[in-house]
Amino acid sequence: MEQYLYLIPLLPLLAFVVNIFLGRSIIRDKAAWIAAPAVFVSWLLSLAVLRQLYQTGEPISQHLFRWIPSGDFNVDVTLYADQLTATMLIVVTTVGFLVHVYSTGYMKGDPGYYRFFSYLPLFVFSMLMLVLADNYLLLFVFWEAVGLCSYLLISFWFRRRAAGNAAKKAFIVNRVGDLGFGLGIMWMFWVFGTVNFQEVFAQVPEIAVGTLTGIALLLFLGACGKSAQFPLHVWLPDAMEGPTPVSALIHAATMVTAGIYMVARSHVIFQAAPNALAVVAIIGAFTAFMAATIGMVQNDIKRVVAYSTLSQLGYMALALGVGAWIPAIFHLMTHAFFKALLFLGAGSVIHGMHEEQNIQKMGGLRKYMPITFWTFLIASLANAGIVPFAGFWSKDSIILSTWVAGNPVIGKVLTVVALITAFFSAFYMFRLVFLTFTGKPRFDVEHVHPHESPPAMTIPLILLAIPSIFIGFLDFPPEAGPFTKFLEPVFGSEGEAAPAEVASLYTVSDQPVAVAYEEGATGEGEHAAEAGGHHNISTALKIQVAVVSTIAALSGLILAWLMYVKGAISPIKMGARFPGLYSFFYDKWRWDEAYNAAFVQPCKNLAMFLWQIVDVRIIDGTVNGIAHGFGAVSQRLRHVQTGLVANYALAIALGMVVLIGVYFGLYSNLFR
Amino acid sequence: MNGFPLLSVMAFLPLVGALLIFFLPKASQGFPKMVALISALGSLVLSIVMVIQFDPNAPFDANNAVPFQEKIEWANGIGISYFLGVDGIAVPLIVLTTAISVIAIIWSWDTVKMRQREYFIALLLLETGMLGVFVSLDLFIFYIFWEIMLIPMALLIGIWGSTNRVYAAMKFFIYTLLGSLLMLIGIVATYQTYFQETGERTLNVLRLQEGNYSPTFQFWVFAAFFIAFAVKVPLFPFHTWLPDAHVEAPTAASVILAAVMLKMGGYGLLRFNLPMFEEGTRQWAPIIIGLSVIAILYGAFVALVQPDMKKLVAYSSVSHMAFVTLGIFLLSLQGLEGAMMVMLAHGFNTGALFLLIGVVYERAHTRQISAFGGLASRIPAWAAYFTLFMFASIGLPGLSGFVGEFLVAIATWHYNPWLALFTFAVVIFAAWYMMWMFQRVVFGRARGEIPDPHDNALTPEEVEMLAAAGDDGHGGHGSHAMPLPVSGGSHDAHDAHGDDPLDSSKWHDLSKKEAITLFPLAVATIVFGIYPAPIMRIVEPAFQRLLALYN
C-alpha cells in the first residue's frame, strides 16, 4: 500500500482539475461522473489502508518531496497513515462519496453544477491531505485549504449577499484560530527544532511543562476556529448559507472535526500539559451546553442541526479535555455518520418543501416523504443518544470518562453539564422531528405540494442510516471493543488510561508536573493507570452512567413529545414565562453583537483614524507642507529675478564686494 | 557562453529597442509595440539562459570572477569601472523583471491609444534601468541606472495616468529623488572614506564591502542608503507616494511599479546596507524591525477602509513589503529567504491584482469598489483569476504568498515571540480587507440583476424590486442561482439606455490578451507555492555568505 498512498488524495485532486478547467465548456452536467468515481476509488483505497493497518498495525508512510528547505527549517510533503488516519480516511471518503451521490440529485439543474463538483472533490482532497500529513506545517497547509473550500462552498450561491457575508465571516473567524495555530507551530519549531509529528512527540518528555502548555493552548486556539468551539463558534451557524450537501460534508461530518483530529493527533503534547487539557475540557463542555440551549429555540431546520453540531463538537472537545482520546474519535466517527444523515435529511425536507426552511411552516411531512422521515428519525435517535443507536455509545463513553476524570471539581461538574446537555440534545432533536414530520401541516396545502426526494438523494440517506444504527457496536463492550483495540497503538497504553493519568496529574498538581508526567509516560507508572483507569471502572459504574444518561435523553424526548405532540405544555407560554432567557437563547447569546461592538467596530474606527488622520493629515500633510514651503519661499525669491540688467549688475558687484570682504576677513592678514 | 556579455545584452536590449523606435518615427502604427515586445522577449530569453547557467555556489567577492562577470576599466583614475555580475539575490529578481516587462508590454498592446511611440520608449527605458540596477556591481553605474529608472516611470504616471496624474508623478519623483540624493551623499562618503583608509579609489561594491568603517560613520551612511531604499520599499512612514502613484498610474506602470520597482528597495538593502555596514545594520536593525511590524499592521488597517480598489491593493503592498524589511533585518536565514520569497510572491500576486483591476477599469472607467457587484456571474473567468490571486495575496498556503510570510514570521518568533504575534496577526486583517473588496466586487447582485429571493440579507429596496419583478423565484430550487435578466428594463433606469459603462451585462469576459498576461502569473504563484525549492536553492548560498558577515 505504501507506494499507492498518494493516490488517495490525488484522485479527487485530479477530479477538481478536470472539472474546473473543462467543466464549463465540455463536461457540464456530467461533472459528477468525474468527481464521484474519483472519491469512490479513494474510498476503496482507504479500505485497503484500513485493512493493512488492521493486519500489520504498522503505520504507513510515503515521502513525496521536500516543500520548504530553509536552513534548519525543513518541511517535507510526506504522507503518514496510522490507525487514527485510517479511521479519518474512512469517515471522509465514505461521507464524501455519499454526499457526492446525494448532490447529483440535490444540485440538479443548478447553473453552477460543474463548479460544485469541482469544489467538492477539492475539499475531499484537502481533507484527506489534512489527515495524511506527517507534520504540523503540512497539516496547517491543508487546514487552510479546507477553509478555502469552505469559503468557496458557503458562498456557492454568491448572488446572495447573506452567503457572501457568511463565507467571509467563516474565513476570517477561522483565521483568528489559524493565528494561534501558526504561532503554535513557530513556537514548536524553536523548541523542538522540527515540526514533524513523531520527532516532536519523541522530545516532549524533555520540555518544560509551561512551554508545552503554551504550545498546546495555541494549537487549541486553532482547533477552536476549525471545530467551532467557543469563543470562535460564531461562524458555523452562518455557514448554513451554503448548499445543504456542503453543510453535511464540511460543516458537520468532516472539516469541523479537523480541530478534534488535530488535538487528538497532538495528544502527547496535551497529555503533558494538564492545564491546557483542563481548558479544552471546560471550553468543550461550555460549547456543548451553550449550543444546545440555542438549538432548542431556533426555527430554521438547518440552524437547529447546526447548533446540534456545535454541541456535539463540544462533547468531543470535552472528551479530549479529559484525555479520553479514543472516545473522542469514536464520537467523531459516529457523529460524522448520523450528523451527515441529519443534514442530508434536512436537505431532502428543504428540497421537498421547495426551499422552505422554517420548521414552524412544516408539519405532517411524514406521509409525504416517508424515507426521509424514517432515516431522519434514526439520525435523531442517534444524536439524542438513545440506546442502542450510534450516538448513545460514543456519548456515553464520553460522559463516563468525564465522570472518572480525577479532578473532582472539573470531572463531576462537567459530567453534570454534559448530562444536562444530553437532556437538551434529545429535546431539540425531537422538537425538530415532531414539528417537521408529525402533526398537521402548517403550510398551505393547496399551493405547496411536498414530495419525496429522488433516489439519488434517498439512497445515501438509507446508506447512512445503517451506520447510524449499528456503528456504535463497533466498540462493544464500551471502551474495550474492536474500535478501542484498533486505535490503542496510536494513543498508547497511557492513552487508553488517559483519564487515570489526568487524574493523577490533577491530584498532584502542586508537585512539579513534569515529574508527574514522566510517571505517567514511562509506563512504569502502572499505578497511575490503576488509580482510576478505566480498566478498573467497574461494570456497575458503567451501567449506572449509561442509565443516568439514558434517563436524561429520554426525559428530553418526552418533554418534546409533551410540548409538540401532546400539547400538554404550550411552548409559547413557556417562552412567555421566561422572555429574557428565551430571547437570549434565540439571539444566540448575542455573541455576534458583542464581537461587533468589541472588535469589528473598534478596528474599523482605528482604520479610519490611521487613514484619515495619520496617513492623510500627519504624514502627507508634512510632505505636502514641505513642498508648499518650498513653493512659498520660491514665490518670494522670484521677485529677485527682475529681468533688468542693471539690477543684476548691481547684485554681481555687491556679491564681489562681499566675497572679497569675507576673504580678507577670514584668510588674509592684510587688515590684522 | 564564455566571453558573451550576457548581462549587458540583456540589460541594453530594451534600450536598443527604444532607440530604434525613437529614430524611426515614420514607421507604421504597429512598429513600436512590435519592437518593444521583441526586445523585451529577447531580454526574457537571455534571463532564462542566465538562470539555467547560473551556479548558486559560485564565489561572489572582489577577489574572484563573479558569475557572468563583465569588467571594463573605465575611469581608472577615479575608480569607476563598468562592472556587472550577479549572485543569487539578483538572479530571481532579474527574471521577475524581464517577465513582468513582457507582460506589461503585452498588456499595453491595445490599451494605450495616445502617444504610443513615446509610451513604449518609456517602458523599454524603464526596463533597461531596472535590469541595470540588478546587474551593476559598481556604485557609479548603479546610480546611473537607478536614476534612469526614475524618469520613465514618472513620465508614465504623469502622461498616461488618470485624473490626478501630475500631482502623483511629482510626488513620486520628488520622494524618490530625495531618497536618491541621500544615497548619493552616502556613496560619496563611502568612496572618500575607503580612499582615506586604503589609498585606493574604487566604486566597486564588492571591494567597498571589505572596508572598515567606524561605527559612527556606519550609523549615518547606513541611514543615507537606508532612506533611499525605504522610500522605494516603501516602508512606513515613507510610503505615502505609493497609493497616489498606484492610483494614477496606467495599469502597466502600476504592475511594474508593484512587481519590480518596490523590490529595488529590498534588493538595495541586501546588496549595499547589509554587506557594507554590518555595524550600522546592527545599530539600526531594532528600529527597522519595529517600523516594519508597525507597517505590516498599519498597511493592513488602512487597506481596510479604502473605497478605491487600487488604493486598497497599494496599502496592502505597504503591508506585504514590510515583511521584506522585517525579514532582512532579522538577520537570520529564514528571515532573508522569507524576504526573498515575499518579494517574488508579491511580484506575481500584486502584479496580477493590478492587471485584474485594470481589466474592469478598462470596461467601467472607475475603480470605486461601490460601483461594482456580482461580477462572478458576468465575467466568470476574470472572477476565477481574481479568486486565485486574492487567496495568494492573503497568504493561503500552497500559493506563493504563504511561504515567504511564514518564514519571516518564524524568524520573527526567534527574535521576539510578541513581535511574531503582531506580525502574524496580519493574516486576519489581510483576509478581512481582501474579502471585503472581493465580496462587494465579485459576489452579490450584478447591476440590473433581480435579487435572489432566497437571499437572507436583502435590503428593503431589493425586496421591493423583487415584488415588482413578480414572484418567479419559486420555480423549484434549481433556479436559485440563475441570474435572472431584467425584463423590459423597467427596474433600472440605466439599463434602458445601454450606454452605462457600469452595466456589466455588456462586458466581455477576459480577452485573449488579458488572459495571456494573467496566465503565467497564475502558474508562477501556484508552482512556487507548492515547490519553492528551486528559488531557495538559488538564494541560499548568497544569504549564507551574507550571514557569515554577522557571525
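A quick definition before the questions: helices (H or I, at least four residues) and strands (E, at least two) are DSSP runs, numbered from the N terminus. This is a predicted model, where local features need pLDDT of at least 70, side-chain atom pairs count only at pLDDT 80 or more, and totals for chains, interfaces and linings use all residues. Residues are numbered from 1 along each chain as its sequence is written, with chains lettered from A and ligands numbered from 1 in the order in which they are written.

Q: Where does A:Val297 lie in chain A?
A: Look to the loops here. The residue A:Val297 falls in the one between α13 (274-295) and α14 (301-321) of chain A.

Q: Why does A:Val297 count as buried?
A: Buried takes 20 or more other C-beta atoms within 10 Å of a residue's own, exposed is 12 or fewer, and partly exposed is in between, with C-beta atoms placed from the backbone. A:Val297 counts as buried because its C-beta neighbours inside 10 Å number 21.

Q: Which residues does A:Val297 touch, not counting those up to four places away in sequence?
A: Contact means C-beta atoms, placed from the backbone, within 7 Å. On that basis, the partners of A:Val297 beyond those places are A:Tyr582, A:Phe585 and A:Tyr586.

Q: How many residues of α14(A) are buried?
A: This helix has 21 residues and spans 30 Å from its first C-alpha to its last. It is mostly covered, and the buried count is 21 of 21.

Q: How many residues of chain B are in contact with chain A?
A: On the chain A side, 51 residues take part. On the chain B side, the number is 53.

Key. Two residues are in contact if their C-beta atoms, placed from the backbone, lie within 7 Å. The expected span of a helix is 1.5 Å times one less than its number of residues.
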